[in-house]
Amino acid sequence: MEIKKIEMSVRELVEFAERSGDIDNRSSHTDPDAMQQGARLHRKIQKEQGAGYRSEVTLKIETEEVYDGERMIFAIEGRADGMFEEVLSVSLEKAGIMGVLLKEGPVISTDTEISFIDEIKTTYRDVEKQPEPVQVHLAQAKCYAYIYAVQNDIEVIAVRMSYCNLENEQKRFFYYVYTLDELENWFKSITHEYAKWMAWQIKWERKRNTSIKETDFPFTYREGQKELAAGVYRTIFRKKKLFLEAPTGVGKTISTVFPAIKAMGEGLTSKIFYGTAKTIARTVAEEAFGILMDNGMELKAVTITAKEKVCVLEKPACNPDECPRAKGHFDRVNDCVYEMLTKEGRITRDLILEYAAKYNVCPFEMCLDVTTWADAVICDYNYLFDPNVYLRRFFADGSGREKDYVFLVDEAHNLVERAREMYSAYLRKDDFLAVKKMVGNASFNHKKLSSSLEKCNKLLLELKRQSDGFTVWEDADDLYTTLLKFMGTYEGMPVNFKVDDPEAMSELYLNVRHFVNMYENMSDNYSIYTDYSSDGSFGITLCCMDPSVPLKECLKRGRSAVFFSATLIPVKYYIGQLGGSDEDYAVYAPSPFDKSNRLIMVARDVSTKYSRRGRAEYDRIAGYIRDFAAARPGNYMVFFPSYKMMEDVAEAFKDIFGEGLEILSSGLDYKEDEETGSIRRPENTVSYEAGKTYLLTQFSGMNEIEKEQFLGSFDRTNPGTLIGFCVMGGIFGEGIDLRAERLIGAVIVGTGLPQVCNERELFRNYFDEKNGSGFEYAYLYNGMNKVLQSAGRVIRTADDKGVILLLDERFGTEQYRRLFPQEWYPFEYTDPVSMTGMLKKFWETI
């Protein structure tokens, strides 16, 4: 019988086997031991224990299990916080009234010297009111006790659970005494339960790997595509990172997914994480995995859907009082997941909803549990990189073992700004006042919480008085200390404490927790500033200037990472910002499209600089748009750097066009399906007339239905001319797929540079000092990426034909031209007179 060795941490084992009870987000949100203050107190407690106390004792054991014909060796490892030998009565005396002997276990004299395993937990809760240890915490200590007793041939051993309050350092101890037989029976019960799951996984992986070896690439390789896939495999094999610039049409999704799965079949990785920034990219990833499964691969791929989209309540309320599925969720969810894994094939959102309903569990939390056993996880960047919501079960299991995960990061150009946002933090002064008022108006006025909120408000008020508008600070130590005390008070609140707006209070707490976490981990890649927002409110920001530092730490959690996008230009910038190094790989995949199918023109007699903006310039831009679209009926998009400029040019466009322009308020009448929540495309189409021109304008805050209505207007059978005005970097600037006649041209108005503001100037100064490229890092690369993405909406397949017009004098300079992708060459300079002839010739020749 083949023996499978399975490595796991003590924490992994007990958190899986011993969890039970309700989901309740009203209880503690923080793992204090993961915070610096908790870690410091942890070490302090250990030092106080005296010379005979051993700290951070590594314990390992191997135990054999046989289940369903599968023979397994579990290699279980962890670190006990402390270990000491002491007369039992002495320990109890030291603990005083704060020591509680909950379980005497065997008959043993309190005068007997006994070995103790010490498990230390720091908390913001009032330890005096804690009746017993948390079950999972005690289980962790029992595992350590069992391992130590086995290895040292000890028949009787004790456990001390040490809880310490982070604010006042008050301690409470809980004592347990066990026989080796007692611990062994318990330990074997949880490893046997775990063996049931591992036996299924072993059989599944055997079946999966056989199917992977038997499945070939599902398409005929395009030029360069096979080399691209091979490069991804080599990157994973060599434990490197790959930065891949692959234009639309190369097939970059399937070209990264396929070799990653092949690497899985060879045992190089146990799990693939496919990270995306937008919903449409997740759909594309699902299609890629689906194609491989259609071709014979056996895979378990799961997509994490946002909690709000799968919650059975109108608004998520994750506690047993408000959600019936939260009550006893952890008592039922393992059976639910096991049945689905063993009985079903493909894992879909609908399947998860079906099983969640059958077992009356939370579909979101159930989905997270499914990821533990899935081969591939498709998810938003947040679940991989965000310090608040990343998947702790994979990336913070406490084992210290090197992981073999592979990260596939789609549309990776988005990750730079997203990461800066993830690792930055902001607190608004008015939020503390608002919550303080709510607490004061509550039926039970919690004076300690009110006082804590008032102290935070006073410190922010003092910063406000010292600030002259935008102000940069060296540190915020006083505020940090006060925020820690607020957190402690908040987390010690009874779960039944009610205020008028619990969401606002919870949101403030989460913002404070994030601020504290970022403050504890920031280094010289941060700036601290206070400023006033557009609504006049005062706040403080921890601004992450360079996200590469935290991203590098995240990427250490896996074996390899592949970053891919159509617009990683310049690639050295993205390598630096996304945590890469000189040892990593960069590859450009040439476009497979025939360059004769597209015409790219640059007009240098137009400017979108603020100093040039005015009606005369808007009329010139509007004239270009009118003549550009007049060359051939069809569907066009025009991308602007801001809503304000889009609206100004729209007014000019209406005036120069006159009565022949019809303004559309929306497109197809999309509806949301009441049962599934999906958006249904209507049977009717927009009624267009030949010879007429229609204008459709994006507006701020579009929801999913309004977005689909807008895109649905771009009908491939349109006999007239539709022009959609959009904003660069917005929901239509990337991630949409209007193929063939659904979009035949795009006008890019301006260079897309971010608006000059204090924060952008901080970026500029920071990178000027670091590498002399402040303008490029703060403005240029960000803006040009929006330009490239917007232009990329036109040519989506080998059969597409289309035209692109860039309107801004700066596109003619070397600084901007060097950021043009290779497939844009050759391009043509144009003006209002020559453009008409160029367009006529292009449309006639294709």
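## Parallel sheet and helix packing

Seven strands form an open sheet in the order S10-S11-S9-S12-S17-S8-S18, and their pairing is parallel. The model described here is predicted. Strand S10 (301-303) and strand S18 (585-588) are the edge strands, each pairing on one side only. On average, neighbouring strands of this sheet are turned by 15 degrees against each other, direction ignored.

Glu245 has Tyr588 in S18 as its bridge partner. In general, strands of a sheet pair through backbone hydrogen bonds, either parallel or antiparallel.

Helix H6 (residues 225-237) lies across S8, strand S12 (406-409), strand S17 (560-565) and S18. The helix H6 runs at about 160 degrees to S8.

A further contact is that of helices H25 and H26. Their axes come within 5 Å and cross at roughly 130 degrees; H25 and H26 are therefore oblique to each other. The residues of this contact divide into six nonpolar, three polar and four charged. The table lists the residues that meet, by helix.

| Helix | Range | Residues in the contact |
|---|---|---|
| H25 | residues 758-771 | Arg760, Glu761, Phe763, Arg764, Phe767, Asp768, Asn771 |
| H26 | residues 774-791 | Gly774, Phe775, Tyr777, Ala778, Tyr779, Asn782 |

Among the residues that H25 brings to this contact are Phe763 and Phe767, while those of H26 include Tyr777 and Tyr779.

Terms used:
Residues numbered from 1 in each chain as written. Predicted model: local features only at pLDDT ≥ 70, side-chain atom pairs only at ≥ 80, totals over all residues. Heavy atoms only, no water. Axes fitted to C-alpha atoms, helices over the stretch in contact; angles between N-to-C directions. Helix = DSSP H or I, 4+ residues; strand = E, 2+ residues; numbered from the N terminus. Parallel < 35°, antiparallel > 145°, perpendicular 65-115°, else oblique. Contact = heavy atoms within 4.5 Å. Nonpolar A, V, L, I, M, F, W, Y, C, P; charged D, E, K, R; others polar. Pairing = 2+ DSSP bridges.
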